[in-house]
Amino acid sequence: MKDGKRPDPNVIHPIAGYDREIYVKPTIQNPNVMVGDFTYIADSDFEHHVTHFYPWSRDRLIIGKFCQIASGVEFVMNDANHQMNAVSTFPFYTLEGWEMKPPGPQDMPFKGDTVIGNDVWIGQNAVILPGVHIGDGAIIGASSVVGSDVAPYTIVAGNPAKVLRKRFSDELIALLLRFQWWEKSVDEINRLIPVLTCSDLKKVEDELRKQLN
Ligand SMILES: CC(C)(COP(=O)(O)OP(=O)(O)OC[C@H]1O[C@@H](n2cnc3c(N)ncnc32)[C@H](O)[C@@H]1OP(=O)(O)O)[C@@H](O)C(=O)NCCC(=O)NCCS
């Protein structure tokens, strides 16, 4: 407990006196946006970062716990896409006066749900394209355009986003994925902070092995 406060995933403003950083979950209105506890964004509103997302959209945006979303990040949803299997991409059916019925689902590009894991850090102004899956612990560089899936604990950057490197050894990544610290209680996580923020990765690996046994 710090400053006499206990971390509460249902408060909107976790920094006293500052309203440009919010825990996202308690602000969500759209039932097709699901966000886990303690994921925050550096803004005073989250849903305007989710674009081309309508009441009739068929996809969902699913974000895990403890993600860190910078300002200017955009989650582009599937209804951003125009029909591409005909000679014109012009969406006549959406505009008044044009005699076109909406295309059937088979004629529209659809990449499924966008799924972001836990403890993912998404850098400033990154764009996450429809249907992308980003694994736990990944880092997305500033201004990246992410069009393909990102493996857990991997750093990607650029347009198109490419792998810069894996963050840790395969052994440590496997332990972290088994351990899933984000699923633990606030009290347990508070106790684990020295492990989660220790830069001696050998020591961390030993500690995780011990705790998993
Ligand atoms: C990706 C990032 C985390 C750096 O990771 P890193 O492993 O330390 O990478 P390095 O700085 O060593 O750079 C490695 C290479 O990637 C390139 N690179 C780094 N970040 C990049 C980015 N966002 N876009 C494109 N290329 C990038 C570097 O230019 C370098 O290229 P080179 O090998 O050709 O010289 C960092 O650059 C970044 O984008 N941070 C996000 C910061 C942010 O947006 N914060 C928001 C507030 S929370």
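Author: In this predicted model, Gln68 has its place in strand β6, residues 68-69.

Reader: Why is Gln68 called buried?

Author: The relative accessibility of Gln68 is 19%. Buried means under 20%, so Gln68 at 19% counts as buried.

Reader: What makes the link between the side chains of Gln68 and Asp119 a polar contact?

Author: The distance between the two side chains in this contact is 3.0 Å. A polar contact requires a pair of N or O atoms within 3.5 Å, and the pair formed by Gln68 and Asp119 is therefore within the cut-off. The side chain of Gln68 also has a polar atom 2.9 Å from the backbone oxygen of Phe66.

Reader: Which residues is Gln68 in contact with, leaving aside its neighbours within four places in sequence?

Author: With those neighbours left aside, the contacts of Gln68 are Tyr40, Asp119, Val120, Trp121 and Ile122.

Reader: Is His49 buried or exposed, and how do you know?

Author: His49 has a relative accessible area of 5%. Because buried means under 20%, His49 is buried. The residue belongs to the loop between β3 (40-41) and β4 (50-51).

Reader: What surrounds His49?

Author: Apart from neighbours within four places in sequence, His49 is in contact with Ile41, Asp43, Gly72, Val73, Glu74 and Phe75. For Val73, the backbone oxygen lies 2.7 Å from a polar atom of the His49 side chain.

Reader: Why is His52 called partly exposed?

Author: The relative accessible area of His52 is 35%. Buried means under 20% and exposed over 50%, with partly exposed in between; His52 is therefore partly exposed. His52 is located in the loop between β4 and β5 (61-63).

Reader: Where is Ser143 found, and why is Ser143 described as partly exposed?

Author: Ser143 is in the loop between β12 (139-140) and β13 (145-146). With a relative accessible area of 45%, Ser143 is partly exposed, because that class lies between 20% and 50%.

Reader: Why are β2 and β11 called edge strands?

Author: Four strands form an open sheet with parallel pairing, in the order β2-β5-β8-β11. In this sheet, β2 (33-35) and β11 (133-134) each pair on one side only.

Reader: How do you know that β8 and β11 pair?

Author: Two bridges join β8 to β11. Pairing requires at least two bridges, so these parallel strands meet the condition. Ile116 stands opposite Ile134 in β11.

Reader: Which residues form the nonpolar patch on the surface?

Author: The patch is formed by Phe90, Phe92, Leu95 and Trp98, which together have about 390 Å² of accessible area. Trp98 lies in the loop between β7 (74-76) and β8 (114-116).

Reader: How many helices and strands are there in the protein?

Author: The protein has three helices and 15 strands. Of its 213 residues, 40% count as buried.

Definitions and conventions:
Residues are numbered from 1 along each chain as its sequence is written. This is a predicted model: local features need pLDDT of at least 70, side-chain atom pairs count only at pLDDT 80 or more; totals for chains, interfaces and linings use all residues. Side-chain values use heavy atoms; hydrogens and water are left out. Buried means under 20% relative accessible area, exposed over 50%, partly exposed in between (1.4 Å probe, protein chains only). A polar contact is a pair of N or O atoms within 3.5 Å; within protein, one must be able to donate a hydrogen and the other to accept it, and residues adjacent in sequence count only if both atoms are side-chain atoms. Contact means heavy atoms within 4.5 Å. Patches are made of residues with over 30% relative accessible area and no salt bridge: like charges are joined within 9 Å, nonpolar side chains (Val, Leu, Ile, Met, Phe, Trp, Tyr) within 5 Å. Accessible areas come from the Shrake-Rupley method with a 1.4 Å probe; for residues, only the protein chains shown count as cover. A salt bridge is a side-chain nitrogen of Lys or Arg within 4 Å of a carboxyl oxygen of Asp or Glu.
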